[in-house]
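Please read the following report alongside the sequence and the coordinates, and keep both open while going through it.

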Amino acid sequence: MSHFLRNPSCLLVQTTKRRRYETLSTRTKSQFQWMNMEIICIILLMITSYVHAEVTCTNDANCLYSYATTLSVDCSSRDLKIPPCFNKTSDIVAINLRNNKFHHVPDNMPRNIEFLDLSHNNISDNTSLQKYKRLRHLNLDCNNIKADSFQNVTRMSNLQFLSLKGNFKDFDGYPNNLLAGFVSLYHLRINGLPQGNFADMFPNKAYSLKILDVSGFDGSCSISRLNGSMFDKFNLTHLNLSHCNLMHIEKGSVASQRHLQFLDASYNERLGFRGFQSIAHDLQNSTIKVLKLKKVHCTFGLGTILLLNHTAYLNKTLLEELYLDSNRLEIIETGVITYHLPKSLRFLSLGDNKLDNGIYVLEVSALQNLQTLNVSFQIFSHNNYFEGCYDYHQSCHISPESKMNTNEGERGEYPRYFNSVSSGFSLKPPKFTFYFPKNLTTILANNMKLQFSVGELFFGQCNITHIHFQNNFIYEMNGPTSGCNKLMYIDFSNNYCRNFTPHMLKIQTQLKVLNFSRNDLGHIFQNDNKGEMLGSNLKLAVLSLHDNKITTLPRNVFINNSMIKILNVSHNRLDTWNVDLRHMHQLQLFDLSYNLISELNESTIDLLPKHTQFNISFLGNPLSCVCKNLFFFNWIHNNDLSRFIRLSETKCVYNNGSSLPLRNLPEILDILRKDCSSYSVIIILASSFICITTSFIVYRIIYRYRWKILYLYYLIKRVIFPENKKTIRKKFYESDVFISYADKQRGFVVNMAKELENKGFKVRIHDRDFIPGVDIAENITIAIHSSRRIILIMTSDFLKSQWCMFELNMARMESLYSREGVNCLLIILLEKSVVKEMPRSLLDIIESKSYLEYPDDNDDNDSLQSLSVFWRNLEDAVSDTEHNQEIVNDG
């Protein structure tokens, strides 16, 4: 009966058979029925067990196969409960089954695998591991493996890497000979158990083990105390004891590890610098290279001091890297750096402390081989919680075992003969002198909260190439700097700097990366019309000026920086771009994002580089979908769209406020072409007509009043610039007569001038009396304005001479405007036929009879008489002061 309850299908078969043989006798039917039902159930059970036995793997795991040097399979994070199906004779070398739901180690994997990752599963049964004898790398982190069950795993002689973090959760110590069969083990990762002795895991010396990681960073570690027997069976090169809640390290605990190169005891907040003292004592005869003691003090409490007795014996090592970050370190005792830190030190990290100024600052130069110095995050604000460390006097400074037997230095108190050094600065920018180790190349000084103005800087023995100085408050740097001219990388971002003079970068000819972002240097660069700020940095390849409140940049601000590859001016207030970048043939990325640029015209685009590697970003700018930008959008459309960074997220805005991303660029172009085509022709024709009409009207006005305009120009010029002694206006006339003539009549004019001068008149002619060095037109206006009478020797040559006509028209303007209409002109007709050639504008002078005719030479008697009359009339005309006498030709 129980058999049927386990198999409900058998009941159904019983009912069917009973109906088929109901005609037989009751006893015969019953016996036959039971016999058949037994056979059928047996067959069903066999089928069921067969199916169950075969469903041990799945072909639907969707694993990733890769082949570089060896064939590997990645089946991680597939939510698998049944392992994938593998060919046991395949050449798969590595299998990753991380982060699934296995309860036991799969037994269907290829027997020749060497790398197996089963971390982050629910494995409690690990008996199948012994099948994989060639396994060299095994990761079983974060499973449910028990120490006693793992102890049964033997004969894994080839295994070199074993990780058991997150297992052995209910054990306080390690079972004896836990890893007895792992004779080739090189790297072991395991939880640090409270009462565990690492030596108990091995029956004999385990000199093959070189790396031991018991850190609680990615597992759990509760080792409160180290003693001398824990590492006796090992010959380690790397030991990680971080995050282990260590409170005390006995002297001699790691003294046996003579070949130790790396030791990390960081984040043991109750250990204190007394742990440093024990470690330094044990490592004096070792080959230690890297020592990490970060945060061995609590986050909150009094500032700590690093004393000489803490670092004793350390100078006997060849230590290369020392990390003392996050220890509330405020003062370093004089002599610690000079005498106790080894000269082999290359990297020193003192970040996240409370360091003040002190003599130890000058001692840094004694570390001759130091290459990198980290002093970032000084006096840094932490969150207001105490991380379970309440009584810092006991937990951070005084070990419970030595509370009653420690001297003053071991209690962690400040010696009475030490005084902190003031860190105040004068109002005047001080002159700094820094002496760095000769091999120092990198300084990390971020987030130090330095607040002062930097003046002159001097560096001695400076070979620094990289300076990280962001997130401080250096609001002014005036310079100059000297002594440090090998800088290649400067990060001066987020310093609230408002003034930065070119002197600071003048000697940095090797500079390649300059980060000035998140400052207030917009006004400095927008006035740099000649590119002087970066004029000496010819090798500059990366320049970042984002977040500097830049509103405009002059055309030649980067004229000297042709090797720039990355230029970032994003997150500023630029509404136009007029900077010439055509000389930057190596420019690869130009970030113009998040500014105020709405339009880019053809002249702006012409200033950009033309090479194919050039990329640009307009993201976050309020680009306008208007006709003015049609050329810009066509330029984008005609180029490779991949050159425009995040173009699909860049938007343009229409006048009605709607916007479209530029990934719909063809649609935008169609809309703009339709909107702009109906107005473009009209606008062009109307503009052309207005320009032509205006130009014609202006031309006619200027031509009609050209002489008046010229006269007023020279008259105003003499009034505005009276200080010129050559052109000063006199109150009285300097000469009686100014004679205007053509060059062919020069002989006649010279004789006339002599005749008039013999009679006491002052005569001015251009060949003799014009002022040297003064413009001809200005000389003419001076002569006309300073003469009582202007005589014009009228000939056909006179009418053809440009300067003679200029003199005639200037004289007419003089009589009309400066002399209130009084005629000062006198024309002498040297040729009678010239009247016919004169233009109509001059006939009014002839009609006013303000002229004299020079007599002909045909009749000698008449000519002599006429000539004497001519000279008498000329003398009367010149001597007339009223300028209104009519001169009549008597001949």
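The report below takes up confidence, disulfides, a helix and a cavity in turn.

## Basis and confidence

This is a predicted model, in which local features need pLDDT of at least 70 and side-chain atom pairs count only at pLDDT 80 or more, while totals for chains, interfaces and linings use all residues. Residues are numbered from 1 along each chain as its sequence is written, and side-chain values use heavy atoms, with hydrogens and water left out.

The protein chain has a mean pLDDT of 81, and 81% of its residues reach 70 or more; pLDDT is the predictor's confidence in each residue, on a scale from 0 to 100. Over residues 48-54 pLDDT stays under 50, and the model has zero contacts beyond four places in sequence for this stretch, a contact meaning heavy atoms within 4.5 Å. Residues 723-731 also stay under 50 in pLDDT, but here the model has 11 contacts beyond four places in sequence. Where pLDDT is low, the predicted coordinates should not be read in detail.

## Disulfides

The structure holds five disulfides, a disulfide being a pair of cysteine sulfur atoms within 2.5 Å. One of them joins Cys 63 to Cys 75, with an S to S distance of 1.9 Å. Because the torsion about the S-S bond of Cys 63 and Cys 75 is about 115 degrees, this disulfide is right-handed. Cys 63 lies in the loop between α3 (26-54) and β1 (64-67) and Cys 75 in the loop between β2 (71-74) and β3 (92-96), so the pair ties together parts that are 12 residues apart in sequence; helices (H or I, at least four residues) and strands (E, at least two) are DSSP runs, numbered from the N terminus. Cys 63 is buried, with a relative accessible area of 15%, and Cys 75 is buried as well, at 0%, where buried means under 20% relative accessible area, exposed over 50% and partly exposed in between (1.4 Å probe, protein chains only).

Cys 462 and Cys 484 form another disulfide, with their sulfur atoms 2.2 Å apart. This pair links distant parts of the chain, 22 residues apart, with Cys 462 in the loop between β22 (457-460) and β23 (466-468) and Cys 484 in the loop between β25 (481-482) and β26 (489-491). Both Cys 462 and Cys 484 are buried. A further disulfide joins Cys 625 to Cys 652, S to S 1.8 Å, and is right-handed, with 80 degrees about the S-S bond. Cys 625 lies in the loop between β33 (623-624) and α11 (630-638) and Cys 652 in strand β34 (residues 651-653), so the pair ties together parts that are 27 residues apart in sequence. Cys 625 and Cys 652 are both buried.

## A covered helix

Helix α5 (residues 272-282) is mostly covered, with 10 of its 11 residues buried. Among the buried residues of α5 are Phe 273, Arg 274, Phe 276, Ile 279 and Asp 282.

## The second largest cavity

The structure holds three cavities of 30 Å³ or more. On a 1 Å grid over the protein atoms alone, a cavity is a set of points where a 1.4 Å probe fits but cannot get out, and lining residues have an atom within 4 Å of a point. Grid points are joined across faces, edges and corners, and a volume is the space filled by probe spheres set on the points.

The second largest cavity has a volume of about 40 Å³. Its lining is formed by Leu 306, Leu 322, Leu 324, Ile 332, Ile 337, Leu 341, Leu 348 and Leu 350. These lining residues divide into eight nonpolar, no polar and no charged, where Ala, Val, Leu, Ile, Met, Phe, Trp, Tyr, Cys and Pro count as nonpolar, Asp, Glu, Lys and Arg as charged, and the others, Gly among them, as polar.

Technical notes:
On a 1 Å grid over the protein atoms alone, a cavity is a set of points where a 1.4 Å probe fits but cannot get out, and a pocket is an open set with protein on both sides within 12 Å along at least five of seven lines; lining residues have an atom within 4 Å of a point.
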